[in-house]
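Subject: Structure handover

Hello,

Here is the structure I promised to pass on to you. Please open it alongside this note, and then read on for what turned up.

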Amino acid sequence: MPSQKIVFLEIATVLIAFTLTGGCAVYKDNTNFQDIGVVRTDAEGETLWEQTIDDSGYGDYLQEVTASPDGRVFVVSILTNPPKSNLSMDTNWVACLGPDGKKLWNWSGSSYPDDLAPSPDGGCIAVFGYGGIVKIRSDGRTGWTVPESEILEQFSVRKRPSSADMSAIAQTESGRYIVGGDLPTHSPDGALCVQIDENGTVLDAKKYTGQDNPLWRVGAIVPMSDSGCGVVGDLYEQPRLARLNARGDILWNVSVPFSSSGYDYHGIREIEAGSLELLVVERGYGDPDQVRNIVYDPEGAVLREETFAIPSSCPITWASDGGYVVAALMDNEGVLSSSASDGGSRVHLIKYNETGHQEWDRTVGSKSMDSVKTIDPIGENGYVIAGEIKR
């Protein structure tokens with residue numbers, strides 16, 4: 001499967017995460033909290049393994065899941081209720097699971113990554129908003145770091161932004177990493193793309209500002225076969241899809257669907273040389289969600305678009321054999337959605353063909369979840385699903 005990146009840009013999700021990490025948590029005892037459940041399946045929906053992650057011993061909020069083509073799974077979580085006896089406990093965790101589901105390492109810190117990319121040595125490269133870029137080694141220890149100041153120093157003093165907010169990262173076929181972000185204090189605001197090598201050396205930095213350059217905060221990056229990349233830029237009510245060449249120049253920049261009821265941007269990938277595919281979902285908030293899959297040609301024109309309905313608020317991704325796969329839970333009335341009734345539900349993995357017609361429904365894993373948050377493909381070899389389990 002071509003390289004792809006799943007991204008969630010719903011503003012409500014960002015606000016919730018900010019609240020949980022902004023000192024507003026209510027400190028309680030270790031009851032009625034939740035753990036994170038992970039289920040790994042093959043391409044046909046058969047369960048390969050499942051794992052419950054409880055790194056802190058206290059309540060965990062699932063922030064992000066990233067899977068590598070070799071089967072490693074990285075789970076980012078936030079500790080929502082530190083114990084009164086240790087309020088200084090690190091509240092942000094990254095757990096790495098191996099291809100067999102066994103935990104390989106844990107990393108904890110004072111902030112959680114906004115995004116991360118697996119590295120070939122078994123670790124990962126993580127971006128931390130204004131905290132810059134950090135290498136997490138294969139043993140879960142912190143390696144090299146690239147502070148925000150080192151990135152800003154790539155620009156001349158006269159044109160240097162005063163700050164940079166990193167938000168996305170992807171690895172290229174050459175082994176380099178492309179990091180995207182925002183210039184929130186620049187006037188006007190703009191986007192930022194940085195290239196680094198596997199040792200953390202900053203190779204290049206380019207900013208996108210000005211009234212004729214409407215590309216703001218980078219939400220997702222996908223490397224492309226010509227050494228360029230595709231970028232989803234979050235401009236609040238004017239989200240954009242941009243195509244950059246190997247030098248970082250914008251080849252084309254088009255607006256993508258927006259709805260006041262809220263869109264989630266679930267994927268971007270290259271399909272054929274130079275063509276981009278974008279997967280977006282309009283939330284139904286109780287009614288079925290409306291999925292839109294849009295294919296753009298190498299010049300940015302829309303080649304085709306498919307629209308169909310899926311259960312409410314459920315995570316979706318592209319299937320390895322064509323079409324789509326959705327993860328859902330069932331409530332007491334037999335309705336599928338992203339949340340289950342009290343007592344939870346086993347995960348339903350639902351396969352749709354390319355026009356949105358259901359092909360099959362598998363029940364995966366042996367444990368019940370109370371909410372299902374993400375589904376990610378692992379190359380051509382299946383999927384990893386993650387959600388939250390109440391204690």
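Two strands are said to pair if DSSP finds at least two bridges between them. Helices (H or I, at least four residues) and strands (E, at least two) are DSSP runs, numbered from the N terminus.

Two notes on the basis of all this. This is a predicted model, in which local features need pLDDT of at least 70 and side-chain atom pairs count only at pLDDT 80 or more, while totals for chains, interfaces and linings use all residues. Residues are numbered from 1 along each chain as its sequence is written, and side-chain values use heavy atoms, with hydrogens and water left out.

The overall picture

The chain has two helices and 30 strands. Of its 391 residues, 57% count as buried, where buried means under 20% relative accessible area, exposed over 50%, and partly exposed in between (1.4 Å probe, protein chains only). Taking contact as heavy atoms within 4.5 Å, residues 24 or more positions apart account for 48% of the contacts with a separation of 6 or more.

E8 and E9 run antiparallel and are joined by four bridges.

Gly233 stands opposite Arg240 in E18.

Aromatic rings

Rings of Phe, Tyr and Trp (its six-membered ring) pair if their centres lie within 6.5 Å; planes under 30 degrees apart count as stacked, over 60 as edge-to-face and the rest as tilted. By this rule there are five aromatic pairs. One of them, Trp107 with Phe128, is tilted, at 5.7 Å centre to centre and 50° between the planes. Trp107 lies in strand E7 (residues 103-109) and Phe128 in the loop between strand E9 (124-127) and strand E10 (133-136), so the pair ties together parts that are 21 residues apart in sequence. Both Trp107 and Phe128 are buried.

Phe308 and Tyr352 form a tilted pair too, 5.9 Å centre to centre with 35° between the planes. This pair links distant parts of the chain: Phe308 is in strand E23 (residues 302-310) and Tyr352 in strand E27 (residues 345-352), 44 residues apart. Both Phe308 and Tyr352 are buried, and ring pairs link Phe308, Tyr324 and Tyr352 into a cluster.

A buried glutamate

Where is Glu64? Look in strand E4 (residues 60-67). Glu64 is buried, with a relative accessible area of 13%.

Happy browsing, and do write back with any questions.

Best wishes
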